[in-house]
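Dear colleague,

I am passing on the structure below, together with notes on what came out of going through it. Please read the notes with the model open beside them.

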Amino acid sequence: MGLQISTSSSFILILILAVAVAVSPPAKADASLIQKACRATKYNDLCLSTLKSDPSSSRADPKGLVSIALAAALANATSVSSFLSSLALGSSGGAARDPALSRLLRDCADKYGLAGDALRASARDLAGEAYDYAYMHVMAAEDYPRACRDAFRRPPPGTAYPPELARREDGLKRICDVVLGIIDFLGS
Amino acid sequence: MASSVDPLVVGRVIGDVVDMFVPSVNMSVSYGSKHVTNGCDIKPSMAVNAPKISISGHSDELYTLVMVDPDAPSPSEPSMREWIHWIVVDIPGGTNPNRGKDILTYVGPRPPVGIHRYILVLFQQKTPIGHIDHPNSRANFNTRLFAAHLDLGLPVATVYFNSQKEPANRRR
């Protein structure tokens, strides 16, 4: 008799626990996924602001988060290209009067264009789940701005590297680093 | 002379990527303190940045360097053969790729599966190249066609190393 009672008590206990788990509110996977992903990057704050500025991020899976960050990086590279084109055209007349600077700016626009191409290639490899190749394309995208900066330094003594360009170079590097961090998170 | 390309034949570099050739230029490649010899192992973390390369030859000669992975994405199914990692043109003889024109920036190895060969091929140019159209994609590059398109002829030097994915505890 005692044995029968303890068995049915255990059964009821298990039943109560099972119901409790079933009706408990779903874990906030969305918010904590973004937080976990961004902690894996070099620039947590930039990552958070980039991802949260896209409303679809709260429902995105890790691959979707990479995709959002890649789109932001591509927008960044494109805006630098536009900025360089406007500098080269020289609204203030400065660049237009200096053929060496003009040529440097065109070379740089070319490099940032290549960065954009690399980021688009990364998005294609991401879609195809070739994550290591998506990663490598972002490494390339991140390196092209350095080539622009190096061009200003050669041949010595070189030409002064515009601070507005240095700021934008840094911006693209940082967003690319964020993308690399999330791809690593995706693979972990 | 033929014996100096034996490792390239055994490693199927000659065959998969380039045709039989006679090396005529010395090319020395190092990642940090590690000198690259045919078939040696290089960890991806050691090859994040471009290797130091010096080439022989006369300063009035110009050379083109490419680095390819014929084993992309995996050696057993290389559907992306060849994945192009680096293109530099107009490298003066007796110098290094920093003195040339970077057409496609260097990207270090990140082999997803298996052991990949990473092959550095040096060609001598007949004329200055200056600017060329960038390949649309890094995948499915063809070194032979690229050389034919630029009238580069057969390679003058080639060296390759092996690389495979490192355990996940490596830090970027």
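A residue is called buried under 20% relative accessible area, exposed over 50% and partly exposed in between, with a 1.4 Å probe and protein chains only. This is a predicted model, in which local features need pLDDT of at least 70 and side-chain atom pairs count only at pLDDT 80 or more, while totals for chains, interfaces and linings use all residues. Residues are numbered from 1 along each chain as its sequence is written, chains are lettered from A and ligands numbered from 1 in the order in which they are written, and side-chain values use heavy atoms, with hydrogens and water left out.

Chain A

Chain A has eight helices and zero strands, where helices (H or I, at least four residues) and strands (E, at least two) are DSSP runs numbered from the N terminus. Of its 188 residues, 41% are buried. If a contact is taken as heavy atoms within 4.5 Å, then among the contacts in chain A between residues at least 6 apart in sequence, 68% join residues at least 24 apart. Chain A exposes about 10200 Å², and carbon and sulfur atoms supply 61% of that area; accessible areas come from the Shrake-Rupley method with a 1.4 Å probe, and for residues only the protein chains shown count as cover.

A:A40 sits in the loop between α2 (29–39) and α3 of chain A, and it counts as partly exposed because its relative accessibility is 40%. Leaving aside residues up to four places away in sequence, A:A40 touches A:G181 and A:F185, and its C-alpha atom is 7.7 Å from that of A:D184, although A:A40 and A:D184 are 144 residues apart in sequence. A:K52, in turn, belongs to helix α3 (residues 44–52) of chain A and counts as exposed, because its relative accessibility is 54%.

Chain B

Chain B comes to three helices and nine strands, which from the N terminus on run α-α-β-β-β-β-β-β-β-β-α-β. Its radius of gyration is 15 Å, which agrees with the value near 16 Å that a compact globule of 172 residues would have; that radius is taken over C-alpha atoms, and the globule rule is 2.2 Å times the number of residues to the power 0.38. Along the principal axes, the C-alpha atoms of chain B fill a box of roughly 45 × 35 × 30 Å. Buried residues make up 51% of the 172 residues in chain B, and among its contacts between residues at least 6 apart in sequence, 73% join residues at least 24 apart. The accessible surface of chain B is about 8200 Å², of which 51% belongs to carbon and sulfur atoms.

The second largest pocket

A pocket here is an open set of points on a 1 Å grid over the protein atoms alone, where a 1.4 Å probe fits, with protein on both sides within 12 Å along at least five of seven lines; lining residues have an atom within 4 Å of a point. The second largest pocket has a volume of about 250 Å³, a volume being the space filled by probe spheres set on the points, with grid points joined across faces, edges and corners. Its lining consists of 15 residues, and B:P23, B:V25, B:N26, B:M27 and B:T158 lie nearest the centre. Strand β9 (residues 157–163) of chain B gives the most to this lining, with three residues. The lining divides into nine nonpolar, six polar and no charged residues, where Ala, Val, Leu, Ile, Met, Phe, Trp, Tyr, Cys and Pro count as nonpolar, Asp, Glu, Lys and Arg as charged, and the others, Gly among them, as polar.

Backbone geometry

Most residues other than glycine have a negative phi, and most peptide bonds are trans. The peptide bond from B:A72 to B:P73 is cis, with omega near -10°, and B:P73 is in the loop between β5 (62–69) and β6 (83–92) of chain B. The bond from B:R81 to B:E82 is also cis, with omega near -10°, and B:E82 lies in the loop between β5 and β6 of chain B. A:E129, which is not a glycine, has a positive phi of about 60° and is placed in the loop between α6 (99–127) and α7 (131–153) of chain A. B:D151, not a glycine either, has a positive phi of about 55°; it is found in the loop between α3 (143–149) and β9 of chain B, and counts as partly exposed because its relative accessibility is 46%.

With best regards
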